[in-house]
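Work through the exercises below with the model open. Try each task before you read its solution.

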Amino acid sequence: MIAQGVGVHCGECGGYNQTPHDVFLAWFGDVLKVLKEMEVGFGIWEFSGAFGVLNSGRKDVEYEDWYGEKLDRKYLELLQKQI
């Protein structure tokens, strides 16, 4: 479809919040790199919640306070590199 000029979008992506954070970041970084190389847009499952950048509930993340929310800075920076 891409070769025919049709836009492609990966409508839902992310990783389970019980996956070790370093494993998730490495894997998702690879996924995002491929999507970017293929010029495929993406959307994460949610911004705040179990799959999100905020308030994911991961036990192995050193969260940063962001206006009273728990920010996963490493996840945010991974996403920012891909846009």
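Helices (H or I, at least four residues) and strands (E, at least two) are DSSP runs, numbered from the N terminus. The expected span of a helix is 1.5 Å times one less than its number of residues. The model is predicted: local features need pLDDT of at least 70, side-chain atom pairs count only at pLDDT 80 or more, and totals for chains, interfaces and linings use all residues. Residues are numbered from 1 along each chain as its sequence is written, and side-chain values use heavy atoms, with hydrogens and water left out.

**Exercise 1. Compare the reach of helix α1 with the expected span.**

Step 1: find the helix. α1 covers residues 21-37, which is 17 residues.

Step 2: compare. From first C-alpha to last it reaches 24 Å, close to the 24 Å expected at 1.5 Å a residue.

Step 3: look just past the end. E39 follows α1 and has a positive phi, near 60°.

**Exercise 2. Which residues of α1 are buried, and what covers them?**

Step 1: set the cut-offs. Buried means under 20% relative accessible area, exposed over 50%, and partly exposed in between (1.4 Å probe, protein chains only).

Step 2: list the buried residues. In α1 they are H21, F24, L25, F28, G29, L32 and L35.

Step 3: An α-helix has 3.6 residues a turn, so residues three or four places apart point the same way.

Step 4: turn to the other side. There D22, D30 and E37 are exposed.

Step 5: find the cover. It includes β1 (9-13), β2 (41-44) and α2 (73-81).

Step 6: zoom in on H21. Its relative accessible area is 6%. Beyond neighbours within four places in sequence, H21 is in contact (heavy atoms within 4.5 Å) with R58, D60, V61, D72 and K74.

**Exercise 3. How many disulfides are there?**

Step 1: apply the rule. A disulfide is a pair of cysteine sulfur atoms within 2.5 Å. The count is zero.

Step 2: check the distance. The C10 sulfur has its closest cysteine sulfur in C13, 4.4 Å away, so the two are too far apart for a bond.

Step 3: C10 is partly exposed at 23% relative accessible area, while C13 is buried at 6%.
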